[in-house]
There are 2 protein chains.
Amino acid sequence: MQESTSPGAGRPRADVTAEVFAATLRSVHEFGYAGATMDRIAVAAGVAKTTLYRRWPSKGALITACLVDAFGPAPLLGEDREAVLTTAIRWGAARIGDPGVGAAFAGVFTDAVSDPALREILTNELQAPYLRVLQDALGESEQRVRFVIDVVMGTLLHRMGISGEPMAEDDVEALIAMVIGVFR
Amino acid sequence: MQESTSPGAGRPRADVTAEVFAATLRSVHEFGYAGATMDRIAVAAGVAKTTLYRRWPSKGALITACLVDAFGPAPLLGEDREAVLTTAIRWGAARIGDPGVGAAFAGVFTDAVSDPALREILTNELQAPYLRVLQDALGESEQRVRFVIDVVMGTLLHRMGISGEPMAEDDVEALIAMVIGVFR
DNA sequence: TAATTATGCTACTGCAAGTAGCGTAATTTA
DNA sequence: TAAATTACGCTACTTGCAGTAGCATAATTA
């Protein structure tokens with residue numbers, strides 16, 4: 001969206017978004033959410049800190065954008081709701097297990113509790129798309145889908161936060177079975 | 001534990017723990033986790049900031065202690081596992097809905113992701129007691145109980161973080177039904 | 001009265017988010 | 001080629017908070 005507000009004058013933006021996102025996840029993975037300072041991310045990405053702020057209004061916004069990129073579109077494969085849920089949950093668990101993603105998610109998430117502006121970014125940019133797509137794929141009410149998202153993401157993040165490790169496979173399968181049970 | 005390392009000499013500690021905890025929750029409720037600075041908490045409690053640090057080693061430790069106090073012992077009432085789970089989950093949801101508690105929990109939780117020392121405090125002081133008691137009351141393996149705690153607390157906190165509001169009653173009941181389904 | 005311990009207070013360090021301003025590089029348009 | 005334009009890197013700065021140091025003082029026991 002809005003890559004060019006002007007027709008075509010001036011120095012073009014350097015194509016460093018991918019490097020910045022990668023550097024962000026690397027920094028979070030290595031130093032934790034709080035330890036991943038904007039200075040560090042900038043250095044790791046080979047970019048000036050001011051450039052980061054020219055593109056993203058805050059650290060929370062940068063990390064959210066990074067998460068949106070890291071998750072991407074959800075794979076909603078399968079013929080029935082059970083299959084769709086199974087693949088989606090496995091996919092979500094795997095993404096949260098990717099280096100830095102879980103910690104980044106948990107961090108931005110909690111910042112959002114105290115920061116309404118960030119909460120709106122998080123809700124609109126990250127959650128809303130999945131909410132809509134899932135609602136459509138499952139044929140369920142918004143309330144029910146919202147509930148499922150809370151259960152799945154909440155559980156995965158809680159495990160990540162308490163143990164510092166992503167959830168093991170057998171527990172993910174238990175989570176899938178439990179959620180499927182709701183829709184039966 | 002260890003309220004008096006010395007027999008009885010010197011000025012006694014002022015009995016301000018209750019005021020500090022109350023001021024902590026008030027501050028978190030009003031300003032959010034990040035906005036609840038140690039200075040603000042101290043002023044709200046009518047205590048010097050240095051006094052806070054004389055009693056709790058860090059902000060995270062203070063908030064965790066505050067949460068331990070706010071939750072207290074879990075009411076494990078009921079004759080069968082379903083009843084126990086139902087009362088326990090309703091109770092947890094209500095506590096998280098108490099002013100400041102949900103935000104404080106979410107905040108300290110995410111700080112813990114980046115801070116192993118705090119994670120240990122959180123795990124030992126807050127989670128471990130409930131884990132033990134629930135394991136005993138439900139007669140289930142540690143893995144299963146841990147899973148249930150992840151599901152319940154994760155879901156409630158995720159809702160709190162995304163919406164800024166505690167989970168509504170009917171969703172809590174859905175959560176209870178879902179968890180009970182696991183044990184059947 | 002002396003020893004002891006906790007408190008309030010002021011001042012400080014360290015660090016990270018976010019900002020301002022400058023000189024300069026890479027484009028488009030005339 | 002020469003403006004005009006826009007993004008960049010860089011340095012330096014402000015602001016705010018966690019956590020610390022040191023001192024005078026209050027409240028207790030021996």
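**A predicted model: two protein chains and DNA strand D**

Me: Which helices each supply at least two residues of the surface near DNA strand D?
Reply: The model is predicted. In the surface near DNA strand D, both chain A and chain B have a helix that supplies at least two residues. These are helix H3 (49-55) of chain A and helix H3 (49-55) of chain B.

Me: Which residues come nearest to DNA strand D?
Reply: The protein has 26 residues around DNA strand D. By class, they divide into 8 nonpolar, 10 polar and 8 charged. Those that come nearest are Gly10(A), Thr50(A), Thr51(A), Arg55(A) and Gly8(B).

Me: How far is the side chain of Thr51(A), by an N or O atom, from a phosphate oxygen of DNA strand D?
Reply: Sugar or phosphate accounts for 63% of the atoms of DNA strand D within 4 Å of the protein, and bases account for the rest. On the phosphate side, a polar backbone atom of Met38(B) is 3.0 Å from an oxygen. For the side chain of Thr51(A), the distance to a phosphate oxygen is 2.4 Å.

Me: The side chain of Arg55(B) reaches the backbone oxygen of which residue?
Reply: Arg55(B) is found in helix H3 of chain B. Leaving aside neighbours within four places in sequence, Arg55(B) is in contact with Arg13(B), Ala14(B), Val16(B) and Thr17(B). Its side chain reaches a backbone oxygen at 2.9 Å, and that oxygen belongs to Ala14(B).

Me: What percentage of residues 14-74 of chain A is helix?
Reply: An unreviewed UniProt entry annotates this span as "domain: HTH tetR-type". The end C-alpha atoms of the span lie 29 Å apart.

Me: What is the area buried between chain B and chain A?
Reply: The contact takes 37 residues from each of chain B and chain A. Phe147(B), His158(B) and Ile162(B) supply 21% of the area that chain B buries against chain A, more than any other three residues. Carbon and sulfur atoms give 66% of the total buried area, which is about 3,200 Å².

Me: Which residue's side chain meets that of Arg159(B) in a salt bridge?
Reply: Between chain B and chain A there are 2 salt bridges. In one of them the N to O distance is 2.5 Å, and the partner of Arg159(B) is Asp150(A).

Me: Which helix gives the most to the side of chain B that touches chain A?
Reply: Among the elements giving two or more residues to this side are helix H1 (17-35), helix H6 (101-114) and helix H8 (142-163) of chain B. The residues of this side divide into 18 nonpolar, 13 polar and 6 charged. With 15 residues, the helix that gives the most is H8(B).

Terms used:
Residues are numbered from 1 along each chain as its sequence is written. Chains are lettered from A and ligands numbered from 1 in the order in which they are written. This is a predicted model: local features need pLDDT of at least 70, side-chain atom pairs count only at pLDDT 80 or more; totals for chains, interfaces and linings use all residues. Side-chain values use heavy atoms; hydrogens and water are left out. A residue is near a molecule or strand if one of its heavy atoms lies within 4 Å of it. A polar contact is a pair of N or O atoms within 3.5 Å; within protein, one must be able to donate a hydrogen and the other to accept it, and residues adjacent in sequence count only if both atoms are side-chain atoms. Helices (H or I, at least four residues) and strands (E, at least two) are DSSP runs, numbered from the N terminus. Ala, Val, Leu, Ile, Met, Phe, Trp, Tyr, Cys and Pro count as nonpolar, Asp, Glu, Lys and Arg as charged, and the others, Gly among them, as polar. Contact means heavy atoms within 4.5 Å. UniProt positions are given in the numbering used here, feature names are shortened, and annotations may be inferred rather than shown by experiment. Buried area is the accessible area (1.4 Å probe) that two parts lose on being put together, summed over both. A salt bridge is a side-chain nitrogen of Lys or Arg within 4 Å of a carboxyl oxygen of Asp or Glu.
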